[in-house]
Amino acid sequence: MERDPGDPRPPRARSALAVGGAGLGILFLVFVQMQVLNSPLHEVASGSTLRPERIPAARGVILDRHGSILAETVPAYAVYLTADSRASALATLDRLVPHLDLDDDEIDRLAAGDWAGGRKLLVSADVPVEVAALLLERRAELQDVQIETWPKRHYPAGRSAAHVVGVVGPPGVGDEQDGPGRKPLPRMVGRLGVERRYDERLQGRDGMRYLEVDAEGVATRSLDLPAAVPAVPGQELRLNLDLAIQRAVAEAIPEDERVAVVAFEAATGEVRVLYSSPSYDPVRLPAPVVQDGWPSVTEDWYGSSNRAVEARYPPGPAMKVVTAALALGLGLHDGETVMPVPCRGGMSYGDRYLRCSDSQGHGLLDLGAATSQNCHVYFYQLGLKIGPDNILAAAGRLGLGRGTGVDLPDEALAVLPAATSTGNAGSAGSLSGTDAMRMAAGVGLVEVSPLEMAHLFAMLVTDRPVPRPRLATHAPIELDDRVNLVISPADRAWLRAALTREEQPSWQWSGVSGSTARADVPVVEWWLGLASPGDGAPELVVAVVVEGGTGTTRSAELAGLVVELYREGFADTRRAARSPFRSPVQPGT
């Protein structure tokens, strides 16, 4: 080989370079063969294009504490129609009428629009599996019809857990779509309950696939491209809720009765029951307005509010516990003090006459008896003695109006007079003596949700900090000891001893009960207590509010049902743990 006089490299270096270049060329040809010629991309037909399409991820399952399913994802079937003209679309829609029960107005609405260049129309978002199977069987005569599967939310617990679990629905206006000019299968988002509170956990991660689309815009196949990403399902969400008790409570309450029931363990904050009536069946929601084939959610679509968390009531007998604790904590009163004015069914103050809960009167009472008997007159006088400034200051230290922090959206904060925009108690301002009387007795100016009142009650009468109520088992325990700012351990022990005590064959409870009124509800019946079910079961805080009750009979009946079922369930668990049964499988087998 002659050396190029202009090339300073030695012959061996030039040879190596030539060999290396040839090797790179061979590698390039192999790469082209593997990555292009042998790839699905190379097989795309002439005139066809690729279209990315989102694969919706299945939402995570929601379970109760025992593993019963509260919400799950099941396959649903959507019917699409692809056509290149209005006449073609109408012809196919006419053939679909016997199977989808489409009327003339709906057919005209579906077929409206510009069909130039082909259009994919969503005819029905959710058809029964039998209908989907029938349409697939007749695909020879319905070649323009496609059936696509998408993940649908199913709620086996129905109305019994609707307010806790919530529902999912289409995203709001402005959320992304899969492509220009095409309405996709929507990415369902949590609208209420834990579906909304833990939406990010339940959502999972959507996947992506690539479709080959012919010149008319019809998808012909799915391509296995490296860029394709499988969908990742959402995480499981397990709740502290006991579905068996929840269902029993729902069955005991007529659908038109307005009731709130709350029960949680004092030591852990684990919510065992949270029920609101009227409820709704998430499987049979009212038909929403349909836009582009998908439901458009309206304000009243999801039924009634959650009375246990979102409704506020005058606390009545429950507020008397707060007032008694305040009087003891300030040293203004002791448990044996008898007020100068006996209860004769009401009390005059200035030019006003304020009634008691018992029109016959309670006579002369001490603090303990007045608390347990729900005597307004005693607490009217105690409110005047404490004063509105001290009542509001104590409410602020207790955090009344800041909520419990329960892991549900839209928790209602207590309403207090002269409250700031953040819900904290403000100054008394121009509050009168009458206002102090009504606040102290729990019959006016203060309104609070059953859950917040139950949590505050538990903090006042238990001998340990009470965690915030929590539904999800993975939610951390957050202790709340703010009540120590108001009452000492000794006063707390006295207060608990002063509560009404009732012995049942299998459990006992201490608490308060009685009725009050709200502007729009003549009678609001309260039952609020701390139940000791026995058999080693933890103490259970129970609150029941009945709108339009007749005293305390109905609320006590429902509270007793909750405690008895809770005790039985705990006893069954203990018996199962002590069972002598052993698996027939022996070690080493």
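A crossing is left-handed if the near helix is turned anticlockwise from the far one by less than a right angle, and right-handed if clockwise. The model is a predicted one, in which local features need pLDDT of at least 70 and side-chain atom pairs count only at pLDDT 80 or more, while totals for chains, interfaces and linings use all residues. Residues are numbered from 1 along each chain as its sequence is written, and side-chain values use heavy atoms, with hydrogens and water left out.

In this sense α10 passes α12 in a left-handed crossing, where helices (H or I, at least four residues) and strands (E, at least two) are DSSP runs numbered from the N terminus. The contact, meaning heavy atoms within 4.5 Å, brings Lys320, Thr323, Ala324, Leu326 and Ala327 of α10 to His376, Phe379, Leu382 and Ile386 of α12.

By comparison of handedness, α2 passes α3 in a right-handed crossing. Here Arg86, Leu90, Leu93, Asp94 and Val97 of α2 meet Ile107, Asp108, Leu110 and Ala111 of α3.

Turning to the strands, which pair if DSSP finds at least two bridges between them, six of them form an open antiparallel sheet in the order β12-β11-β22-β21-β20-β19. Its edge strands, each pairing on one side only, are β12 (271-277) and β19 (500-503). Strand β11 (residues 259-265) runs antiparallel to β12 and is joined to it by six bridges, and Val259 stands opposite Ser277 in β12.
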